[in-house]
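Subject: Structure handover

Hello,

Here is the structure we talked about, passed on for you to look at. My notes on it follow below.

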Amino acid sequence: TLRKPISQSSMTDWASKNLNMHTQGIFRRRISLSNMLSWNGGSIKKPMLITSNRTIKKEACEMFKLVQSYMGDRQTRMDRNDVALVTVTKCWSMQGLRDELYIQLIRQTTDNMCYRSLAWGWELMAISLAFFSPSPKFQSYLEGYIYRHLDSDEKIAQHIKELVDLKNKKITKSRKKRKQNTEDEGLPISTYAKYCYRKLQKVAVTGGKKGLRKPTVEEIMHSRNAILTPSLFGSSLEEIMLRQQEMYPGNKLPWVQTQLSQQVLALGGEQTEGIFRIPGDIDEVNALKLQVDQWKIPNSLSDPNIPASLLKLWYRELEEPVIPQQFYKECISNYENPDAAVAVVQLLPELNRLVLCYLIHFLQIFAQPSNVGRTKMDVNNLAMVMAPNCLRCQSDDPRVIFENTRKEMSFLRMLIVHLDTSFIKGLV
């Protein structure tokens with residue numbers, strides 16, 4: 001359910017307080033707020049947002065040229081993938097540039113007469129959201145802007161036509177080129193907006209790309225492809241099963257779940273101390289995630305903590321948790337009652353029930369005394385590390401969260417100890 005974003009007046013108020021108002025002409029007249037937030041074919045001499053950081057001031061002006069280059073509004077010899085890589089890497093490395101990039105993209109996708117340029121601006125926003133979130137201070141503004149484009153295709157087409165008609169009498173040769181580009185239509189803007197909206201919700205929680213390794217061209221291309229082809233991470237179970245229907249039509253369980261689970265076991269995870277507790281190298285986990293999203297499992301894996309960490313991430317990033325939200329209260333109410341806990345599982349939708357039973361069956365392997373002696377991960381530890389990936393508390397109250405965390409762990413422990421998952425053997 002989409003929550004109602006901030007109002008247009010609140011957005012205007014935010015902009016008037018935070019925009020670094022530019023000037024023009026020999027008398028250095030201040031540019032109006034609407035012009036500050038409308039497409040600009042020239043360069044900028046200072047950042048869009050107020051800042052005292054000298055490095056940010058310099059980098060912001062260079063980044064505006066990169067944004068224009070990616071959108072096709074400035075000539076460059078660089079490949080668009082490379083332009084995106086340089087832009088994203090700057091912001092990923094320098095936190096102070098992130099809001100600046102998003103406000104520049106808002107500007108360049110407002111009153112833009114060229115549909116292709118407009119689409120590429122939205123595409124760059126979608127790519128950027130795969131790597132970093134805006135600051136909490138700026139998130140509501142960006143969210144409001146994206147929200148207003150969720151169902152705006154007809155309005156955008158009409159607005160572009162009006163802008164072109166308005167400027168028709170004063171068109172220069174260079175403008176004629178831009179006008180001709182309005183014919184090059186790609187994806188509807190609402191497709192980008194819907195993707196960006198969902199991505200913003202997630203990245204605001206997860207914080208974007210982690211690790212020390214800088215973004216790569218492969219990750220740029222992958223994040224662009226994800227706009228049309230949803231990732232196996234962060235989607236719903238139903239979407240994932242629909243996507244794998246073509247490749248694995250007979251599978252009753254998500255391919256990503258079974259493959260990563262089998263990899264953990266194949267690499268001796270049930271004999272590895274601290275499995276699921278000790279995280280795998282984050283850069284290697286990111287690399288494996290890229291491969292898995294292309295339906296590939298590399299042969300070069302040697303550390304079971306890598307697929308184990310990615311498996312936890314997959315459960316954690318599901319659009320809706322394995323145990324859907326409407327069953328949450330029932331779970332934490334029956335955290336001490338084995339029969340009631342098992343009964344909740346039988347009430348789940350069929351796909352969720354199978355996915356949860358596969359996970360519990362998998363954890364029961366690690367809970368065997370012969371394995372616990374090696375992993376030092378008994379049933380309590382397994383429940384502690386896995387419960388947050390299966391159940392999600394919706395409260396904002398720290399006391400409720402703290403109290404429910406204990407109940408979530410206890411509920412999962414009940415399932416590991418008492419749920420009969422023997423039917424899962426051989427099920428894929």
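A disulfide is counted when two cysteine sulfur atoms lie within 2.5 Å of each other. Please keep in mind that this is a predicted model.

Cysteines

How many disulfides does that rule give? The count is zero. Cys393 is partly exposed, with a relative accessibility of 22%. Cys91 is buried, at a relative accessible area of 0%.

The two domains

The domain assignment of the protein gives domain 1, made up of 8–167 + 188–228, and domain 2, covering 237–426. Domain 1 puts eleven residues into the contact, and domain 2 puts in nine. Taken over C-alpha atoms, the centres of domain 1 and domain 2 are 37 Å apart.

About 820 Å² is buried between domain 1 and domain 2, and carbon and sulfur atoms give 50% of that area. On the domain 1 side, the residues that lose the most area to domain 2 are Arg198, Arg213 and His222, which together account for 52% of what that side buries.

Which residue forms a salt bridge with Arg198? The partner is Glu239, and the closest N and O atoms are 3.7 Å apart. Between domain 1 and domain 2 the count is one salt bridge. The interface also has two residue pairs in polar contact, both at pLDDT 80 or more. Helix H10 (189–206) and H11 are the elements that give two or more residues to the side of domain 1 that touches domain 2.

Helix H14

Helix H14 spans residues 282–292. At its start, a side-chain oxygen of Asp281 comes to within 3.2 Å of the backbone nitrogen of Asp283. Asp283 is itself buried, as are Val285, Asn286, Leu288, Leu290 and Val292 in this helix.

What do the buried residues of H14 pack against? They pack against three helices: H11 (217–225), H13 (255–266) and H15 (305–317).

Regards

Terms used: Residues numbered from 1 in each chain as written. Predicted model: local features only at pLDDT ≥ 70, side-chain atom pairs only at ≥ 80, totals over all residues. Heavy atoms only, no water. Buried < 20%, exposed > 50% of the residue type's maximum accessible area, 1.4 Å probe, protein only. Helix = DSSP H or I, 4+ residues; strand = E, 2+ residues; numbered from the N terminus. Contact = heavy atoms within 4.5 Å. Polar contact = N/O pair within 3.5 Å; in protein donor to acceptor, adjacent residues only side chain to side chain. Domains from an automatic or database assignment. Buried area = accessible area lost by both parts, 1.4 Å probe. Salt bridge = Lys/Arg side-chain N within 4 Å of Asp/Glu carboxyl O.
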